[in-house]
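Hi everyone, thanks for coming. I'd like to walk you through one structure today, so please have a look at it first.

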Amino acid sequence: MTAASACSTDGATSADPERVDVVAAFYPLQFVAERVGGDAVRVTNLAKPGAEPHDLELNPAQVGQVSEAELIVYLAGFQPAVDEAVKQNGGDRAFDVATVQPLLDAAADGHDHEDEAAGAAEHAEEEGNGKDPHVWLDPTRLATIGDKLAERLGRADPDRAADYTARARTLRAELTKLDAEYTAGLKTCQRREIVVSHTAFGYLTERYQLEQIGLSGLTPEDEPAPQRLAEVAEEAREHQATTIFFETLVSPKVAETIAKEVGAKTAVLDPIEGLPADGRGDYLSVMRDNLTALRTALSCS
Ligand SMILES: [Zn+2]
Ligand SMILES: [Zn+2]
């Protein structure tokens with residue numbers, strides 16, 4: 001019992017002295033840390049591929065990784081277990097991306113012409129701070145996170161500060177290109193409402209003037225209430241949705257039920273909270289797959 005806690009200040013024996021040891025709380029933060037850090041960092045992702053990261057629980061080894069990392073990249077309010085580990089052991093090594101890219105209010109960007117606003121507010125309360133954490137789904141905001149992470153890495157590792165800045169600039173260029181593809185690809189569409197599994201797409205819908213109708217709120221649920229399913233089916237009919245989206249890391253069962261009821265298809269729209277279990281693709285390729293899926297579902301020209 002005592003041995004585990006006694007080494008928190010000087011336990012970095014297994015760390016690579018040549019590289020900055022970075023712990024990322026979930027995939028999009030891993031992506032940014034690897035892109036900006038390049039070969040100067042070693043990035044460990046606390047969430048495993050194929051696992052839904054909202055309800056991540058940390059085992060003792062991972063708590064150890066948090067206490068020994070040179071930099072912890074996380075998003076306060078997204079994963080309570082990570083927040084707690086950072087509070088206990090993070091010291092001044094924690095980098096909360098929500099402090100460099102302010103979050104939107106959870107209920108401010110929903111689809112609320114009927115009674116969905118109440119549902120969103122309810123979920124916001126459950127989430128804790130009433131903020132929508134899914135900030136990475138706006139590429140321009142992710143670019144800002146990359147710039148700020150480069151500054152932070154440069155302070156931790158001043159000799160290579162210029163390299164971090166240069167890589168963040170390259171990442172920004174890639175994300176700007178992706179943003180332009182989205183803007184062009186979603187400019188002229190027959191519909192602008194998307195029916196999704198959980199309301200992870202607030203930043204994406206705000207950036208590209210879409211609206212999301214979620215089966216559940218900010219956190220995925222296996223079984224939304226029957227009343228909610230009926231409301232969403234009604235919404236899907238009203239907006240003539242051809243597609244009910246589901247996520248790669250959550251069961252498609254509910255989406256399939258609604259799709260059958262309203263005569264729509266199902267397709268994947270990935271909130272990129274983690275990569276699939278086979279680890280294929282990266283943030284940029286999944287975002288491009290999402291754009292293709294959106295253009296089909298919304299009949300964009
Ligand atoms: Zn989510
Ligand atoms: Zn509606």
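Let me begin with a question: where does Ile-272 lie? Ile-272 sits in the loop between β8 and α11; those labels are for strands (E, at least two residues) and helices (H or I, at least four), which are DSSP runs numbered from the N terminus.

Before we go on, some housekeeping. This is a predicted model, where local features need pLDDT of at least 70 and side-chain atom pairs count only at pLDDT 80 or more, while totals for chains, interfaces and linings use all residues. Residues are numbered from 1 along each chain as its sequence is written, chains are lettered from A and ligands numbered from 1 in the order in which they are written, and side-chain values use heavy atoms, leaving out hydrogens and water.

Ile-272 has a positive phi of about 50 degrees, although it is not a glycine. Ile-272 is also buried, at a relative accessible area of 0%; buried means under 20%, exposed over 50% and partly exposed in between, with a 1.4 Å probe and protein chains only.

Now for the metal. Which residues coordinate the zinc ion (ligand 1)? They are His-54 (NE2), His-134 (NE2), His-198 (NE2) and Glu-273 (OE), at 1.9 to 2.1 Å. Donors here are N, O and S atoms within 2.8 Å of the metal (3.2 Å for Na, K and Ca), and because water is not among the atoms, sites may look incomplete. The 4 donor atoms subtend angles of 99 to 119 degrees, so the arrangement is tetrahedral; for four donors, that takes all angles between 85 and 135 degrees.

In sequence, the spacing of the donor residues reads H-x79-H-x63-H-x74-E. His-198 belongs to strand β5 (residues 193–198) and Glu-273 to the loop between β8 (265–268) and α11 (283–297), so this pair ties together parts 75 residues apart in sequence. Both His-198 and Glu-273 are buried.

What about confidence? The protein's mean pLDDT, the predictor's confidence in each residue from 0 to 100, is 88, and 87% of the residues reach 70 or more. Over residues 1–13, pLDDT stays under 50, and the model has 3 contacts (heavy atoms within 4.5 Å) for them beyond four places in sequence. Residues 114–128 also have pLDDT below 50, with 20 contacts beyond near neighbours in sequence.

That's my tour, and I'm happy to chat about any of it!

Technical notes. Four donors count as tetrahedral if all angles lie between 85 and 135 degrees; four count as square planar and six as octahedral if opposite donors are over 155 degrees apart and all others between 65 and 115; anything else is irregular.
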